Amino acid sequence: MVGSLFQGGSLANYVLRLFVTGTSPRAEVAVANLRRICEQELQGRYELQVIDVLEQPQLAEDEKVLATPTLIKQLPPPLRRVIGDLSDKDKVLLGLEVRPAALADSDPKPKKK
Amino acid sequence: MNEQSNDAPVQKLPTGIGSFDVIAKGGLPENRTTLLSGTAGSGKTVFAMQFLASGIRDADQRGVFVTFEESAADIRKNMRSFGWDLAAWEKQGKLAFVDASPDPHIEIVESGGFDLGALLARMENAVRKVGATRVSVDSLGAVFSQFSDQSIVRRELFRIASALKGMGVTALLTAERTEDYGPIARFGVEEFIADNVMVLRNVLDDEIRRRTIEILKFRGTDHQKGEFPFTIVPDGGFVVIPLSAIQLKQHSSDVRISSGSRELDEMCGGGFFRDSVILISGATGTGKTLTVTQFLNGGAAVGERCLLLAFEESREQLFRNAIGWGVDFERMEREGTLRVLCDYPEVASLEDWLLTIQRTVEEFKPNRVALDSLSALERVGTMKAFREFVIGFTSFIKHQEIAGLFTSTTPSLMGGTSITEGHISTLTDSIILLRYVEMFGEMKRGITVLKMRGSIHDKRIREFTIDGKGMHLGRPFRNVTGILSGTPVHVSPADLERIWSQFDADVGERLRGSTGADVGERRRGSGERRRSP
C-alpha cells in the first residue's frame, strides 16, 4: 500500500493520507478542501491517498486514527496530523508545515500529475 | 425479534469478578453500557481489564479493550502482575486492543468539524474480529483531553455508546472524578452516556486507605445498595467484600463442643455450640491466650482441625506458652490438627486479612478457629472497616459451621470494656469475661459467662487460677461486688445480709398484697443461699 504512494516516480515530496468515514458530506467537503489547497500550494508535488475507515478499519487501527477526517502528512518528516474538514486553510498549511511564500520562491518548476 | 428483546426483562451477565456479582445481583446488565467512575488510583483500569479477563478465562467470552489513557503496551505489562497474559490472549484471538492512547510525538492541528468515526470503525472492527461480547473503554475523560472541541467529543461519546448497544455487547466505560464525594465524573456528561452507574472510592480516613465500590443505578434492574469494601490482590485482582451478601441463614447447631476445660464447659451449660462465635474479653495477662490454647487443645484432642490466627505474639512465644500449660502445639501441627497463621496485623489491610483468612479456612477446612486478638487488628483499619471485617469474618465462619473464639483486650487492668467489644458484642453468641479482682492486697482472677446464646449458664463470677496444667475454676466471689465496673468492694457477710434483706423488704413493701407470698418465699430462699458459704 505504501509503495503505491510513490508510483510513477514523480517528484512527490509530500505524501498525504486522508482518513474519512464513508461518503458522508463531511468527508466530501474535506476531500474537496484538501484537493483545492494542494492544487494551490503543492502543485504536482504531492501524493494523496483517501482511505475510508469503514472499508479499511485496520489501516485506521495501524495509524491509531481516532477522528475523521484526519489528514496525515507521512512525508516529509516530521509526522503531522490535521483533523477536521480542513475548512481553515491556514491551519491546514500550518499543520503540513507549508509556507505559501517560501514555497513559491523555492520551487520554480511545478509539475502536474 | 427486536420488539420482543426490548420488552424482555434486563438480563445480567455474570462478570466473574470476585463477589462483585453478589452485590450486582447477578452481574452487569447484559447488552447495556455501564459507567464506572472513580478518582485516580481507585482501580478503574484493573476492574475494566478483569471484566474482560474473567470473561475470557472463565466463560469463553471474548473481549475488546479500548484504551484512551495508557498505551496497550503498558497495560499488557501492568496486568502481568495479576497473572493475565494479555499478549497470549491476543494471539489466540480472544482479546483485541483498540489503542487510542495519545502519542506525544504526533502534533495534531484541528481545522474544522470532525467526528470520531475512525474510532467507532476501529471498535466495530475489533468486536467483529474477535467476536467480542464484552467491551471495556478506559477512560472517557481522556478522550476529552485529546481534543479541544469538547462539544464534539460529547456528541461523539453518545454516538459511540449507542453504537456499542447496537453491537450487542456488554460494555464497561470508565471515567475519572476529582473527588471521592462529589460530581459523578469530571466532565459532567459521562453518567448520561451510560445506562448504569457505579462508583469506586479510595478514601483516606485516619491515615488508612479504604477502597469501596458502590452501584449507584442499574436501569431497570436490581442491585445491592451502599458502599462495599474491596481490595485488589495480586493473584485475584479485584475482590469485593460483600457484607450484606452474607445472609442470616446459617442454621443453628445444638451440638456442643468442648472449650478444652471441663469446668468452663460446665459454666457454659455443657460446652460451646459447634457453630457459635465466642468472645473472650480481658485485660492483658488475665488468661485469654490460655483460653485460646485450651480451646485448640480441646479440639485437637477429639481429632478436630484447629486454625490459630495470632496477631499478638510470635510463633515461638505461643508455642512456649502452650508448653507451659501442658499443650504441645508442635505435635498438633505435625499431626495436622493445628495450623498457625502468625503475623503482624500491620502487614496488610483488614480487607486483605479477611481474604487471607478466608482462603486459609477454605484450604485447611478447620473445625475451630481462634483469633488472638481482635484488638490487635483494630489498629489496622478504621472503625467502620474493622466492624465490616468482624461481620465478614463471623458470618463466614458460621456459614462453614466452624466454632470461632476471638479474644479482645480491655484497655484497663480492672473492669472496663474495650471499644472492640462495643462494636462486636452483638455479633457474638457467647461472651466470657476474664477480670482481675483485687482482694486484700492480692490480684485474683475472675471469670464469668456474660452471655451464652441459646443456653443456660452459670451466672456467677468465679475465681480461677492458672498452673502448669491450665485453668482451674474455683469458688464464686460471694462477698465482692463491683468486679465488672473495676472497683471491687468487699462486703462483710453481716453487711451483705443487711443489704439483701433491706432490698427484699423494699420490694416486699411495694409488692405486698398482690404477690406478697411470692416475695416472702424469695426472701427466705435467697437469705438461706447467701448465708450458706
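Okay, hi everyone. Keep in mind throughout that we're looking at a predicted model.

On the chain B side 27 residues are in contact with chain A, and on the chain A side the count is 26. The area buried between the two chains comes to about 2,300 Å², and carbon and sulfur atoms give 53% of that. Which residues of chain B lose the most area to chain A? Those are V109(B), S111(B) and R122(B), and together they account for 28% of what that side buries.

R122(B) is one of the buried residues of helix α6 in chain B. That helix runs over residues 117-130, so to speak fourteen steps on your screen: 14 residues, reaching 20 Å from first C-alpha to last, close to the 20 Å expected at 1.5 Å a residue. How many of the residues of α6(B) are buried? The count is 11 of 14, which is to say the helix is mostly covered. Besides R122(B), the buried set includes L119(B), L120(B), M123(B), N125(B) and V127(B).

And what do those buried residues pack against? On the chain B side there's β4 (62-67), β5 (95-99), β7 (132-138) and α8 (150-166). There's also a piece of chain A in the list, namely α2 (57-62).

Now the cores. The largest nonpolar core has 43 residues, and V64(B) and L119(B) have the most contacts inside it. As for secondary structure, the elements giving two or more residues to this core are β4, β5, α6, β7, α7 (140-146), α8 and β8 (170-176), all in chain B. The largest share, 7 residues, comes from α8(B). As general background, nonpolar side chains in soluble globular proteins tend to be buried together.

If you click on L119(B), you'll find contacts in both chains. From chain A, L119(B) touches V65(A) and L66(A). From chain B, the neighbours are V66(B), F68(B), V98(B), A100(B) and I160(B), leaving out residues up to four places away in sequence. There's also a second, separate core of 36 residues, and among its members are M267(B), L338(B), A403(B) and L405(B).

Over to chain A, and helix α1, residues 25-41. This one has 17 residues and reaches 24 Å between its end C-alphas, again close to the expected 24 Å. The buried residues here are A27(A), A30(A), V31(A), N33(A), L34(A), I37(A), C38(A) and E41(A). They sit on the same side of α1(A), because they cover an arc of only 165° around the axis. On the other side of α1(A), P25(A) and E28(A) are exposed.

Is Q49(A) buried or exposed? Its relative accessible area is 12%, so Q49(A) is buried. The side chain of Q49(A) makes a polar contact of 3.1 Å with the side chain of R17(A).

Chain A has a cis peptide bond between L75(A) and P76(A), with omega about -5°. Another cis bond joins P77(A) and P78(A), with omega about 0°. P76(A) is in the loop between β3 (70-75) and β4 (80-83) of chain A, and P78(A) is found in the loop between β3 and β4 as well.

In chain B, look at K25(B), a non-glycine with a positive phi near 50°. K25(B) lies in the loop between α2 (20-23) and β2 (28-29), and at 41% relative accessible area K25(B) is partly exposed. Then there's N31(B), also not a glycine, with phi positive at about 60°. N31(B) is in the loop between β2 and β3 (33-38), and its 38% relative accessibility makes it partly exposed.

Last stop, G41(B), in the loop between β3 and α3 (44-59) of chain B. Leaving out residues up to four places away in sequence, G41(B) touches N202(B) and R211(B).

That's my tour, thanks.

Technical notes:
Residues numbered from 1 in each chain as written. Chains lettered and ligands numbered in written order. Predicted model: local features only at pLDDT ≥ 70, side-chain atom pairs only at ≥ 80, totals over all residues. Heavy atoms only, no water. Buried < 20%, exposed > 50% of the residue type's maximum accessible area, 1.4 Å probe, protein only. Polar contact = N/O pair within 3.5 Å; in protein donor to acceptor, adjacent residues only side chain to side chain. Helix = DSSP H or I, 4+ residues; strand = E, 2+ residues; numbered from the N terminus. Expected span 1.5 Å × (residues − 1). Contact = heavy atoms within 4.5 Å. Core = buried A, V, L, I, M, F, W, Y, C linked by side-chain atoms within 4.5 Å. Arc of directions from axis to C-beta. Buried area = accessible area lost by both parts, 1.4 Å probe.
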